[in-house]
Amino acid sequence: MDRRSILKITGTLSAAAAATVAFPRLVFAAYNQKAFKNPKVEDSLNELFGGSASTPSGDIKLKAPDIAENGAVVPIEISTSMKVDKIAFMVKENPNPLAIVADIPAGTEPMVKTRVRMGKTTQVTAVVSSDGKLYTASKEVKVTIGGCGG
Amino acid sequence: MSSIRIKAKERNGSVDVKTLMKHNMETGLRKKKDGSKIPEHWITDVTAESGGNVVFAAAFNTSISKDPYLAFKFAGKKGDSLTISWKDNKGKTDSAQTIVK
């Protein structure tokens, strides 16, 4: 099979996969006030996923600096080889730990990259939900200047 | 001009998207000189659409940095259109469209 026909087949397959997931147009991810405005990591997870039991997994890659000089802008990257539907990111000792929840529809790679604020040196955790179960990866990030204002 | 800048490039059937949104992202924790708090004002939701399907959606908290940067990858091809929109807690919205390169 030559390269062109392979590309053609993969193209058709992904189009079919996209069609089966019937997403309504312009519907924003339901913003869950309770999950975001919550000082406890466990409570946020409960609101978000209906449970907080999670297993650490080596299949999640969490990229974050060891030392963040400026807590106002800390680049993070989460990616995994698992098939996931949601990726969340927590900064343990921020006033509200949950920073971002990303929905990963079929066809989208389980990867997200953004920049977050960190108040002080603490543990950061990536949480992914795969097949109704939660998996985590954590890392300690040292912060020189906090970025939460005040 | 739109507050959103998007770069979308296809490689091997996967579209690499990088986007920057211009927004103050006030945490509600900062204080003015007179001691009163600056009210929180932040982007709560971001949605990316291509060909009528949502290819990526995210909900932000106030702890996302000022002028949020977001990168993700989805299955697509050169020439696809991509629309990214955001909504903030005051109900303001903005969106921008680009063609995948």
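What you're looking at is a predicted model, in which local features need pLDDT of at least 70, side-chain atom pairs count only at pLDDT 80 or more, and totals for chains, interfaces and linings use all residues. Residues are numbered from 1 along each chain as its sequence is written, while chains are lettered from A and ligands numbered from 1 in the order in which they are written.

**Stop 1: chain B**

Select chain B and follow it along the sequence: the pattern reads β-β-β-β-β-β-β. That is seven strands and zero helices. Its C-alpha trace spans about 55 × 25 × 20 Å along the principal axes. Now, of its 101 residues, 44% count as buried (20 or more other C-beta atoms lie within 10 Å of the residue's own, with C-beta atoms placed from the backbone).

**Stop 2: where the chains touch**

Show both chains. How many residues does each chain bring to the contact? Chain A gives 38 residues and chain B gives 34 residues, where two residues are in contact if their C-beta atoms, placed from the backbone, lie within 7 Å. On chain A's side, color helix H1 (3-20), strand S6 (98-103) and strand S7 (111-116), the elements that give two or more residues.

**Stop 3: a sheet across both chains**

Zoom in on Lys113(A), whose bridge partner in S5(B) is Ala71(B). Glu77(A) also stands opposite Lys113(A).

Zoom out, and you can trace an open sheet of six strands in the order S2(A)-S4(A)-S7(A)-S5(B)-S2(B)-S1(B). Two strands pair here if DSSP finds at least two bridges between them. Which strands stand at the edges? They are strand S2 (60-63) of chain A and strand S1 (4-11) of chain B; each has a single partner strand, so one side of each is left without a neighbour in the sheet.

**Last stop: confidence**

Color chain A by pLDDT, the predictor's confidence in each residue, from 0 to 100. The chain's mean is 76, and 75% of its residues reach 70 or more. Then select residues 16-29 of chain A, where the pLDDT is below 50. Beyond near neighbours in sequence, this stretch has 24 contacts in the model.

Definitions and conventions: Helices (H or I, at least four residues) and strands (E, at least two) are DSSP runs, numbered from the N terminus. A residue is buried if 20 or more other C-beta atoms lie within 10 Å of its own, exposed if 12 or fewer, and partly exposed in between; C-beta atoms are placed from the backbone.
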